[in-house]
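Subject: Structure handover

Hello,

Here is the structure I promised to pass on. Please open it first, then read my notes below.

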Amino acid sequence: MLGGGARAAKPSFVSYISPEEIHIKEPIEKEVNPRLLPGELLLCEASTVYKYMQEDGSNRGTYGKLVCTNFKISFLDDDSASDDNEPQFKNKIVGENDITLQCVDQIYGVYDEKKKLLTGQLRKYPEKLIIYCKDLRVFNFCLRYTKEEEVKRIVSGIVHHSQTPKLLKRLFLFSYASAAPNNTDGRNQTVMFETLEDWRDELERTKGNVKYKAVTINEGYRVSEKLPLYFVVPICISEESILKFEGRGIPIWCWSCHNGAALLKMSAFPKEQDDSTSQMQKAFLDGIYKTISKPPYELLKMDDLSSSLPSLQDIQTAYTRFKQLFLIDNSTDFWATDVKWFSLLESTNWLEIIRRVLKKAIEVAECLEIQHTNVLLIEESATDLCCVISSLVQVMMDSYSRTKSGFQSLIQKEWVIGGHGFLDRCNHLHKSEKEEAPVFLLLLNCVWQLVQQYPAAFEFTETYLTVLSDSLYVPIFSTFFFNSQHQRDTNKSGESLKTQSGPFRFLTVWDWSVQFDPKAQAFLNNPLYAEKPKPDKSQRKTARFKHQRQLSLPLTQAKPSTKRGFFREETDHLIKNILGKRIGKFINSSDEPPNSLREFYDSWHSKPVDYHGLLLPRIDGPEIKVWAQRYLRWIPEAQLHGGGTIATAAKILDLMEEVQSLQVKMDEEHSQAVSGDVHSVPVLRNSARLSSLFPFALLQRQSVKPALPTSTWKDLEDEDDLVKRDDEFVDLSGDML
């Protein structure tokens with residue numbers, strides 16, 4: 001510190017090298033070529049591209065080659081050619097430095113330190129390229145040392161192939177299907193619901209075949225192209241009724257409860273109709289309702305989801321704001337927004353939407369379970385929010401849907417065959433942003449709330465849900481790349497390709513062996529799953545699972561923190577608060593459930609949990625949390641090293657491994673083979689060095705001290721004033737980037 005009146009000395013050292021040249025790996029000497037999948041073609045490439053590391057605000061990074069194919073954008077450095085130190089959890093299709101074209105969200109160019117969104121034709125090419133991904137990764141590339149011709153080719157190629165509208169059959173899905181060998185894993189137990197027998201088996205499993213029937217009237221799609229080939233309707237519904245309005249106004253069966261009450265969905269008629277048409281449709285609906293509602297024997301409750309839940313536009317807006325909180329360029333940006341974290345999170349409204357959806361599912365479950373009332377979900381197309389609510393209700397009420405094969409069969413039934421418009425809602429073709437909405441992601445977020453509240457009730461893990469969300473953007477599977485079964489069937493023809501003589505053989509995402517080897521697949525299975533015990537009459541029913549409510553975060557008992565802004569213990573407090581400890585004060589508590597629903601909710605939560613019976617999510621403010629593994633996995637500052645749930649899981653898995661080894665020894669002594677049904681247990685070595693967001697964040701380095709502007713640090717040092725302030729509120733309606 002200089003004395004009063006003294007002037008700072010003028011710098012006597014001047015650096016003539018750029019920051020990128022200070023912390024670098026030398027450019028690769030040997031030629032590294034991308035690993036191409038069957039049908040994958042190299043379109044353009046650029047050498048001497050500098051990739052920044054994201055961990056801190058420095059310009060650390062490495063040189064390599066940036067390539068673009070008809071499947072992905074990939075960065076290749078000298079590590080790409082080596083198989084050494086491969087992670088335990090590796091995707092065989094998409095590597096750490098790979099971005100599928102469908103996973104690209106936005107591309108920005110940096111011109112004279114100013115960011116500009118890149119779309120269409122470019123007049124000037126940037127010196128830096130920033131790619132924001134839908135799985136929330138952020139890639140920063142410096143093109144300053146790349147040849148000008150290569151910069152033009154690679155930037156134009158990436159923007160064109162990832163951002164411009166394209167035809168359906170130009171998706172890599174078709175190139176891969178025509179070139180890849182058909183050697184899929186035949187052990188997949190997922191019910192695909194593509195045959196009449198699949199639907200009849202499901203009716204029999206749920207005891208719904210007494211009141212409902214599977215129909216074949218849509219074979220050849222003669223009723224509607226939006227309906228599946230086969231579906232289930234009440235026995236009293238005639239074929240003439242189904243044909244009359246192309247399937248609209250017809251209750252379609254989703255699932256039957258153990259007491260006989262059923263969950264149904266219906267595609268509504270358009271609201272704007274002339275009087276005569278409206279009268280005709282109203283009379284038709286009245287007849288349908290009288291047919292299926294026969295009090296006091298058959299009660300029916302109708303729920304118009306378009307009026308009781310947020311619109312698709314509201315959901316899209318909330319998620320767009322929410323994801324901006326996690327698209328972090330560097331540590332400086334992370335810590336700069338930390339002071340305003342809760343205000344920013346609350347203003348997105350994403351957690352509130354999740355809470356409302358879960359509350360609606362509880363309402364439906366109460367009608368089915370307690371009131372023995374059929375519930376008819378109504379929506380314009382019955383392929384968006386109907387899919388969310390019907391799936392959630394089945395996960396909550398049917399333990400089969402909490403197994404891995406059962407959950408996959410549920411997604412097939414309600415979403416893939418049910419006609420959810422994955423192609424439009426994910427905007428895979430970049431044709432219309434108006435149709436885009438993260439409806440399937442909303443379901444996965446809601447299911448994650450249940451998984452983290454009742455982990456022993458699920459055969460799969462949160463890692464399974466995370467890789468399932470990533471698979472939305474991997475176009476080698478047909479599962480999430482069509483709007484309907486009709487669209488998939490009509491595009492199976494390979495006539496447009498000379499090399500294709502027959503129909504395309506699309507892969508299903510449920511064959512996890514395509515993406516992961518057996519060791520990696522072990523992370524998708526929950527080793528602590530409480531499997532349903534086989535009935536044994538010789539044993540008394542005395543053992544019941546103990547409720548875990550007392551282990552959850554406190555609602556009112558906890559003493560509130562005196563801090564209201566910056567987290568003093570940066571990482572620990574970030575994780576604790578981001579998972580919901582203080583989110584409750586931002587939830588609108590005026591939307592209280594009706595008395596009967598509240599009684600049902602409170603009564604269930606006052607009893608021990610049956611992991612194979614009804615599950616109700618806790619939805620009070622602090623209980624709705626951020627899905628940390630999915631949204632924070634690429635942010636080192638948000639990770640606990642050697643802590644979090646992975647530390648507990650590592651100890652438990654060590655014990656399980658020891659128990660299994662002892663079991664093997666016992667079986668060998670008795671000359672018995674080990675049962676093949678036992679899931680392999682992932683081995684976690686050096687758990688103290690693992691990140692809390694393992695297996696996606698493996699051995700990330702510790703976060704460095706945030707390089708915040710001096711003015712910001714000045715504010716933070718004035719702690720007496722800071723602890724008295726509420727979080728600042730920032731409007732997220734503008735462009736966060």
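**Ring pairs**

Both F172 and Y176 are buried, where buried means under 20% relative accessible area, exposed over 50%, and partly exposed in between (1.4 Å probe, protein chains only). Before going on, note that this is a predicted model: local features need pLDDT of at least 70, side-chain atom pairs count only at pLDDT 80 or more, and totals for chains, interfaces and linings use all residues. Residues are numbered from 1 along each chain as its sequence is written, and side-chain values use heavy atoms, with hydrogens and water left out.

Back to the rings. F172 and Y176 are four residues apart in helix α2 (residues 172-179), so about one helical turn separates them. Helices (H or I, at least four residues) and strands (E, at least two) are DSSP runs, numbered from the N terminus. A pair of aromatic rings is described by the distance of the centres and the angle of the planes. Rings of Phe, Tyr and Trp (its six-membered ring) pair if their centres lie within 6.5 Å; planes under 30 degrees apart count as stacked, over 60 as edge-to-face and the rest as tilted.

The structure holds 45 aromatic pairs. How are the rings of F89 and F523 arranged? Their centres are 5.7 Å apart and their planes are at 85 degrees, so the pair is edge-to-face. F89 lies in the loop between β3 (72-76) and β4 (98-100), and F523 in the loop between α17 (518-521) and α18 (570-581), so the pair ties together parts that are 434 residues apart in sequence. Both F89 and F523 are buried. The rings of F172 and Y176 have centres 5.9 Å apart and planes at 50 degrees, so that pair is tilted.

Ring pairs also build a cluster from F89, F407, F458, F460, Y464, W512, F516, F523, W634 and F696. F696 has a charge over its ring as well: the charged end of R633 sits there, 4.7 Å from the ring centre. Likewise, the charged end of K115 sits over the ring of Y108, 5.4 Å from its centre. The test is that NZ of Lys or CZ of Arg is within 6 Å of the ring centre and within 35 degrees of the ring normal.

**The chain as a whole**

The chain has 23 helices and 14 strands. Of its 737 residues, 53% count as buried. Contact means heavy atoms within 4.5 Å. Among contacts with a separation of 6 or more, 74% are between residues 24 or more positions apart.

K265 is in strand β12 (residues 262-267). Its relative accessible area is 8%, so K265 is buried. At 3% relative accessibility, N374 counts as buried. The C-alpha atoms of N374 and I292 are separated by 9.1 Å, and the two residues are 82 residues apart along the chain.

**Cavities**

Rolling a probe the size of a water molecule over the atoms shows where empty space is left. A cavity is a set of points, on a 1 Å grid over the protein atoms alone, where a 1.4 Å probe fits but cannot get out; lining residues have an atom within 4 Å of a point. Grid points are joined across faces, edges and corners, and a volume is the space filled by probe spheres set on the points.

How many cavities of 30 Å³ or more does a search of the whole structure find? The search finds six. The largest cavity holds about 190 Å³ of space. Its lining has 16 residues, and Y319, E436, P438, L441 and Y473 lie nearest the centre. The elements giving two or more residues to this lining are α7 (312-324) and α14 (439-453). By class, the lining of the largest cavity has nine nonpolar, two polar and five charged residues. Ala, Val, Leu, Ile, Met, Phe, Trp, Tyr, Cys and Pro count as nonpolar, Asp, Glu, Lys and Arg as charged, and the others, Gly among them, as polar.

**Backbone points**

Most residues other than glycine have a negative phi, and most peptide bonds are trans. A cis peptide bond joins P295 and P296, with omega about 0 degrees. P296 lies in the loop between α5 (275-292) and β13 (300-304).

K207 has a positive phi, near 60 degrees. K207 is in the loop between α3 (196-205) and β9 (212-215). At 62% relative accessibility, K207 counts as exposed. N349 also has a positive phi, near 70 degrees. N349 lies in the loop between α9 (341-348) and α10 (350-369). At 37% relative accessibility, N349 counts as partly exposed.

Best wishes

Key: On a 1 Å grid over the protein atoms alone, a cavity is a set of points where a 1.4 Å probe fits but cannot get out, and a pocket is an open set with protein on both sides within 12 Å along at least five of seven lines; lining residues have an atom within 4 Å of a point.
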